Amino acid sequence: MIGRSFDLELVADVLEAPEHEVLDVLEQAVATSLLREHAQEPGSFTFAHALVEHALYASLSAARRAHLHGRVGESIERLYGSAAPERVLELAHHFAAAVRPSAPGKAIDYACRAGRRAIEQLAPAEGCRWFTRGLELVDQFSAPDDPARCELLIGLGEAQRQSGAPDFRRTLLDAAGLARSLGDGHRVARAVLATSRGLGSVSRPDEELISLLRAASESLAETDPLRPRVMALLAAELTFTSDVGTRRALVQEAVELARAQADPHTLAFVLLYYVFALWFPDTLAERLEPSAEMVAAAQAAGDPPLLFHAAARHWTTMMEAGDLDQAERCMEIMRGVVKTTPQPMLRWRLLYYSATRELLAGRLDDAEARATQSLEVGSAAGEADAAAFHAALTGFIRWEQGALAQALGFIDDALARFPAFNIFQPLRALALCEADRRQEAAALLSEGTANHFAAIPANALWASAMLTWSHVAARVGDRDAAAALFERLQPFADQVAVTPVGAPGAIAHGLGLLASTHGRPALAEQYFSQAIAVHERLRAPLLIARARGDRAALALSQP
């Protein structure tokens with residue numbers, strides 16, 4: 001009943017009998033080899049064989065078992081207290097087995113606490129089991145709008161996310177919707193914050209999540225400790241649907257509120273999404289210091305997944321700045337976290353970052369293998385962006401392989417599936433160039449030239465998209481497009497166009513192509529040389545070769 005191992009003190013309390021009388025019985029069982037006493041722990045006993053325990057348990061009626069489970073739970077509370085974390089799983093087990101229709105609350109509460117304890121112990125699968133058991137009890141004994149259901153759903157969603165169960169998002173949004181109907185803004189906030197993956201939705205806007213984040217933001221008091229996190233996550237989710245100004249206002253207020261809390265966990269979380277929401281070449285200088293501070297705060301917070309996400313975000317910031325050494329330190333942090341905390345979401349992210357790193361290093365077969373693994377792991381874990389990220393990686397890999405023309409159908413499919421992912425249109429135009437369909441590529445390019453490429457939103461993909469368009473302009477010889485692109489890109493000549501799912505390289509390379517197309521060879525040679533130097537710092541042999549080839553072609557074209 002208590003378990004295979006048990007203590008004299010607990011058995012005596014359950015039976016409401018003097019310890020010496022209970023000890024007499026236990027010693028007789030030891031003498032007949034049914035029990036063994038722990039020599040190093042006087043008063044602790046273990047069944048000699050699990051079959052003995054099972055046989056005794058099976059001999060009891062269901063009613064007797066439930067009664068005794070309740071007695072054991074009450075004795076544990078009485079002897080050791082209900083708050084002892086090491087006893088929570090025992091209490092949950094006994095009260096769940098003893099639950100009565102007249103008093104289910106204690107069993108539900110302990111199931112929820114056991115789930116939380118399992119998450120703390122890095123056992124999310126066990127957490128899922130306990131939260132699910134709690135929900136079964138709520139379904140059996142409580143009303144549909146019981147706040148306990150909301151609490152259990154939040155816990156279940158967190159455990160699902162950590163264990164890689166694909167339903168985690170749906171569970172958490174259901175929890176947030178229930179909390180909203182109950183007028184419980186704090187639980188709405190907790191539920192939506194539990195969806196956090198270290199990045200906002202990229203392949204398509206998550207309108208349901210955005211709506212719930214807005215509801216949480218409106219319902220929380222300014223002094224609520226969750227408010228800055230909600231505002232920062234909202235800004236991140238708006239990255240692909242709003243202007244920089246809107247996002248900046250949200251994250252700046254969030255940072256101010258987070259600093260006032262003086263809590264490293266809150267500060268790291270908010271800075272993580274501050275850097276993501278403002279990820280655009282024009283903001284690199286202002287992101288450098290917060291990006292480094294974010295990693296330090298995450299380390300101080302002692303939260304491994306948060307540290308992973310902070311290191312991943314700092315990797316992109318350092319790569320934009322062309323600092324490979326700092327970026328490599330971030331990769332080491334990410335690998336270290338995944339080694340000790342192998343959550344599927346973290347493995348997915350490490351795989352696609354690793355694919356881009358292999359791509360830059362010129363190891364194309366390894367890059368493709370990592371990209372394929374990222375799709376498999378991300379899809380199994382229900383990551384909404386897994387397919388889009390894989391498609392982008394594949395596009396950049398095919399470019400380096402000289403096989404973009406053969407991938408045209410693949411890119412067309414990606415463009416149809418992920419229209420908001422604004423790297424696929426220029427990749428398609430470049431593929432058309434490689435397929436000797438330059439007129440079609442020129443038509444696509446002219447659409448961008450018509451509005452000075454203003455239709456490309458200011459977000460994490462802007463630099464990569466604009467640099468890829470620069471290659472297209474050079475291929476088709478469009479001087480007007482070259483002039484428009486040059487004007488937009490020139491302020492960022494010292495930066496690298498990079499995302500965790502592809503890195504077309506130094507923006508200076510694109511400026512060299514554009515200057516050459518526009519008939520400015522001296523300026524083009526200057527930018528090609530700058531690009532080669534950047535690519536050498538990045539130890540990116542294929543990008544070095546491409547820039548050198550374009551510089552050589554420029555020299556040969558001169559009289």
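Select strands E1 (residues 5-7) and E3 first: the two run antiparallel and are joined by three bridges. Helices (DSSP runs of H or I, at least four residues) and strands (DSSP runs of E, at least two) are numbered from the N terminus, and two strands pair if DSSP finds at least two bridges between them. The model is a predicted one, in which local features need pLDDT of at least 70 and side-chain atom pairs count only at pLDDT 80 or more, while totals for chains, interfaces and linings use all residues. Residues are numbered from 1 along each chain as its sequence is written, and side-chain values use heavy atoms, with hydrogens and water left out.

**First stop: the sheet**

Together the three strands make an open antiparallel sheet in the order E1-E3-E2. E1 and E2 are its edge strands, each pairing on one side only. From one strand to the next, the twist averages 30°.

Step back to Gly43, which takes a positive phi near 90° in the hairpin of E2 and E3, where six residues stand between the strands.

Then select helix H2 (residues 19-31), which lies across E1, E2 and E3 and runs at about 110° to E2. Such angles run from 0 to 180 degrees between N-to-C directions, with axes as lines fitted to C-alpha atoms, for helices over the stretch in contact.

**Second stop: helix H8**

Move to helix H8, residues 147-163. Its 17 residues reach 25 Å from the first C-alpha to the last, close to the expected 24 Å, a span taken as 1.5 Å times one less than the number of residues. Of these 17 residues, 14 are buried. At the start of H8, look for a side-chain oxygen of Asp146 within 2.8 Å of the backbone nitrogen of Ala148. Just after H8, Gly164 takes a positive phi of about 85°.

Select His509, in helix H26 (residues 507-517). Is His509 buried or exposed? His509 is buried, because its relative accessible area is 1%. Show its side chain together with that of Asp550: a polar contact of 2.7 Å joins them. A polar contact is a pair of N or O atoms within 3.5 Å; within protein, one must be able to donate a hydrogen and the other to accept it, and residues adjacent in sequence count only if both atoms are side-chain atoms. Leaving aside residues up to four places away in sequence, His509 touches His471, Phe528, Ala531, His535, Arg546, Ala547 and Asp550; contact means heavy atoms within 4.5 Å.

**Last view: the whole chain**

Finally, display the whole protein chain, with its 28 helices and five strands. Its C-alpha atoms fill a box of roughly 110 × 50 × 40 Å along the principal axes. Of the 559 residues, 54% count as buried.

Technical notes:
Buried < 20%, exposed > 50% of the residue type's maximum accessible area, 1.4 Å probe, protein only.
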